[in-house]
Amino acid sequence: MMRVLLLAAVAHGLMNDTEPALPLVNVSVVAAPAGGMNLSSSFAKLNESAAAKLKKSGKDLALKLRREMEKKIVERYEEKVETKKAAALKQSVAPVVPKRDLEEEEENEQKYYSKGDYESITTNMVSTGTTYNVHSVQAKMDRYDGEVLLLHGNAYTHTIWKDIETMDRIREAGFRPTSVDLPGKGLSYPLAPVPVRGQWLVDYINEMKIKNPIVVAPSMSGTYALPVLLNYPGTMKALVAIAPSGALKVQDEQWKNVTVPVSIMFGANDPLAYVAAATMFRTIPLASRWKVANGTHAFYVTRGAEFNKRLVKFIKKVHSSYFVNKAAEKKSE
């Protein structure tokens, strides 16, 4: 009678997806009861079922713990940032911002580029009912193997790509680079609200007739590039995501639907980017990543030469058969 109760207790726990109230039974020590009924095979099946359930629950628990750790890292970092902002606000004195003459700045830009390998372009375009004055710089090239569109972070303008020689390296590799001042930055205005930035970037690419570019998007410009990547398939050939803003708000299922190559670059000392990069690399089918040792949020600026080599290497891979073969391999798995 005791053996029958023991079997019932274990079976009840397994059938109801709860932990058994009693440990699994060692079938080797269970004797057949009077009447000749053999319980060994029944206990063996129960043990196999329990082992499978424990394995699955272990994976689920590991994933849950990792998500909780990622969430805590983000919360602690954001709390530190807010604390620093509050402290800086108390001590700061509002700086005197000189009035800008945008027309003069545009004229100086055009003079600077007029005799070189690049041209300064100013265009008026309409996006989501708003007219934008947009400033860009584009390489003068009659023939090229593909196009690269360079966006910029919140602290910079299109000039950052000239300063760290990224445009030169891309042009020398046989591709046409275009850098742009995003709305509200540099010589482009007005500011574009976050909800319409994806549509703005699509309209800009069409306005400039940039065909299927590889888009380079650091930091803040992720709010422009990521919506295009997720919602406008066929617009970009690939994405270089450098610690992109907005990545933490994207769901895993959305990343899994991305079909173009994505190079994820981030500094090891940038905790928010670190967490976002881990999720993107795990879920995007054609993702690659570069974690920069001792790198900060804007590592590509302080380590420009190293960044440029990595970028050009990725661009060449995208225009080769490398990712086509990789995609075929994944389909056959």
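In which strand is the place of R176? R176 lies in strand β4, residues 176-180, where strands (E, at least two residues) and helices (H or I, at least four) are DSSP runs numbered from the N terminus.

This is a predicted model, in which local features need pLDDT of at least 70 and side-chain atom pairs count only at pLDDT 80 or more, while totals for chains, interfaces and linings use all residues. Residues are numbered from 1 along each chain as its sequence is written, and side-chain values use heavy atoms, with hydrogens and water left out.

**Overall composition**

The secondary structure of the protein amounts to 12 helices and eight strands. Of its 333 residues, 39% count as buried, a term that stands for under 20% relative accessible area, with exposed meaning over 50% and partly exposed the range in between (1.4 Å probe, protein chains only). With a contact taken as heavy atoms within 4.5 Å, residues 24 or more positions apart account for 69% of the contacts in the protein that have a separation of 6 or more.

**Surroundings of R176**

R176 is buried, its relative accessible area being 12%. Its side chain makes a polar contact of 2.9 Å with the side chain of E147; such a contact is a pair of N or O atoms within 3.5 Å, and within protein one must be able to donate a hydrogen and the other to accept it, residues adjacent in sequence counting only if both atoms are side-chain atoms. Leaving aside neighbours within four places in sequence, R176 is also in contact with residues including Q138, A139, M141, Y144 and K209.

**Cores and the elements around them**

A nonpolar core is a set of buried Ala, Val, Leu, Ile, Met, Phe, Trp, Tyr and Cys residues joined through side-chain atoms within 4.5 Å. The largest has 42 residues, and those with the most contacts inside it are L151, W200, Y204 and L239. Among the elements that give two or more residues to this core are β1 (118-127), β2 (130-139), α6 (197-207) and α7 (222-231). Apart from it lies another core, of 31 residues, which includes Y113, A139, M141 and V318.

Not counting residues up to four places away in sequence, Y204 touches M125, V134, S136, L149, T178, V180 and I210. Helix α7 is mostly covered, with seven of its 10 residues buried, and what covers these buried residues includes α6, β5, β6, α8 (252-256) and β7.

Strands β1 and β2 pair in the antiparallel sense over 10 bridges, pairing being assigned if DSSP finds at least two bridges between two strands. The bridge partner of Y118 in β2 is A139. In the hairpin of these strands, which has two residues between them, T128 takes a positive phi near 45°.

**Aromatic pairs**

The whole structure holds 12 aromatic pairs, where rings of Phe, Tyr and Trp (its six-membered ring) pair if their centres lie within 6.5 Å, and planes under 30 degrees apart count as stacked, over 60 as edge-to-face and the rest as tilted. Two of the pairs are set out below.

| Pair | Centre distance | Plane angle and class |
|---|---|---|
| F299 and Y300 | 6.1 Å | 90°, edge-to-face |
| Y322 and F323 | 4.9 Å | 90°, edge-to-face |

Y322 is partly exposed at 37% relative accessible area, whereas F323 is buried at 6%. The charged end of K317 sits over the ring of Y322, 4.3 Å from its centre, the criterion being NZ of Lys or CZ of Arg within 6 Å of the ring centre and within 35 degrees of the ring normal.
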